[in-house]
Amino acid sequence: SPFVRVQDGADPRDLFDLEKKLFPYRFILTPASSNEWGVDHLRAALARRLQSLYSGDGLLEERWLEKDPNGSWKRYLDQLLSSPMPAMQGGHWVNAAQNKALILIETRSAGFDLQAQESAQREVLAAFNDIPHDGLTLRLGGAGALAVATNQSITQEATWLSIINTLMVSGLLIMVYRSGRIVALGLIPLLTGLVTGALAIRLEYGAIHAITLGFGSTLLGVAADYPNHFFTHLNSSTPPHSTMKRLWPTLRLGILTNIAGFGVMFFSGFRGLQEIGVFASAGLLGAGLSTRFILPGLSPPRKGLGAWMSLLSHNPIQRLPQHHRVALCLGLPLLLGLMFLISGRSLFNDDLATLNPVSRLGLERDLELQRAFRVPDMRWLILVSGESEEDALARSEILKPI
């Protein structure tokens, strides 16, 4: 089973599980007084324990009396019970309004293990659908649920954007080249680059991560320019091999600069960046070599690119006088810089919330669930520094509530 526990209320077994894990550390978990082991202090503690033996907790007091005479473990449990707990209704956890039932599901896998979390969520949804639930809805929350929902949202959005991007680029190339064959030939370097990059990762690391394939494929989009440089210089009077031979020094320089730019990630201390660097560098090399040695033998002579190519290559700035062109090239950056300065906005955005892929509705629902479970607010961090480790620990002890 992918689940460690499924709980909708207080379970007496939790007390014994907690005792197995933390009872040996009871003296560390509770604040100690200066005379805790003095004769008078122990006599008073034992007197209180004697009275507790006749209370409803008598069995537990008897269980802990011999190993914990001063009641350190009992004081620790009292601290836990005094902390906020979820509301109860009929022995089950509910939210503050008592119109929603709360169920705690602990998975064996970590919250960032997307595949295991998605499989566990499918089992939960299947179990919910197998029981009568007229008028009831199930809402999943927590780190695992948010991670799976975010991954699905990003995957769907990336898929649609990739399809739209492919259609737009293909449509533009067909209008410019007026040849479906040339557009299809332009895919050869890209496919070669993907295979080469994946093979390099396979040989170096043994397996390729999906995120490496995704980001690496995006970086390989640079290789789409290689065949375009070649196709736009084809003409009916020059063989394709001669055209490639003339363009190759410039094209080779572009390929090497791209490889140098992405290959530097290989020297990163982060495994993910290393994989992306290897994938992109090997892929660009494969795409460049396939453009050089494969495309010239498959490409037909150009019959003319038509008015679209003339429109795209037309530069109206060239029609201006030289002194006007110089003034434009110098004045435009200055104008943009001045507009940036008077905009009054900061240079860097330090709000990490803008990078959060989770929707606002998802964050609000998760915050509502955390409040219902009385989970401590983890959005704030207190940093304690000191001259030594002991000094930092001593300063952190001062911050503890009395």
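**Briefing: aromatic pairs, cores and a helix crossing**

Phe266 comes in at 36% relative accessibility, so it counts as partly exposed (buried is under 20% relative accessible area, exposed is over 50%, and partly exposed is in between, with a 1.4 Å probe and protein chains only). This is a predicted model, where local features need pLDDT of at least 70, side-chain atom pairs count only at pLDDT 80 or more, and totals for chains, interfaces and linings use all residues. Residues are numbered from 1 along each chain as its sequence is written, and side-chain values use heavy atoms, leaving out hydrogens and water.

**Aromatic pairs**
- Searching the whole structure turns up 3 aromatic pairs (ring centres of Phe, Tyr or Trp, the last by its six-membered ring, within 6.5 Å; planes under 30 degrees apart are stacked, over 60 edge-to-face, the rest tilted).
- Phe230 and Phe231 make a tilted pair, because their ring centres sit 5.7 Å apart with the planes at 45°.
- Both partners are tucked away: Phe230 is buried at 1% relative accessibility, and Phe231 is buried at 2%.
- Phe266 and Phe267 have ring centres 5.7 Å apart and planes at 75°, so that pair is edge-to-face.
- Phe267 is exposed, with a relative accessible area of 70%.

**Nonpolar cores**
- The largest nonpolar core has 26 residues, and Tyr177, Tyr226, Phe230, Phe231, Leu251, Ile255 and Leu284 touch the most other members (a core is a set of buried Ala, Val, Leu, Ile, Met, Phe, Trp, Tyr and Cys joined through side-chain atoms within 4.5 Å).
- H7, H8 (180-185), H9 (187-205), H11 (225-231), H12 (240-263) and H13 (271-293) each give two or more residues to this core (helices are DSSP runs of H or I, at least four residues, numbered from the N terminus).
- Another core, of 5 residues, lies apart from it and includes Phe23, Trp64, Tyr76 and Leu77.

**Gln274**
- Gln274 is in helix H13 and counts as buried at 19% relative accessibility.
- Leaving out residues up to four places away in sequence, Gln274 touches Tyr205, Met265, Phe266, Ser268 and Gly269 (contact means heavy atoms within 4.5 Å).

**H6 against H7**
- The axes of H6 (residues 114-129) and H7 (residues 143-177) come within 9 Å and cross at roughly 105°.
- The two helices are therefore roughly perpendicular to each other (that label covers 65 to 115 degrees; under 35 is roughly parallel, over 145 roughly antiparallel, the rest oblique).
- On the H6 side, Leu114, Gln117, Glu118 and Gln121 meet Gly144, Ala145, Ala147, Val148, Asn151 and Gln152 in H7.

Key: Axes fitted to C-alpha atoms, helices over the stretch in contact; angles between N-to-C directions.
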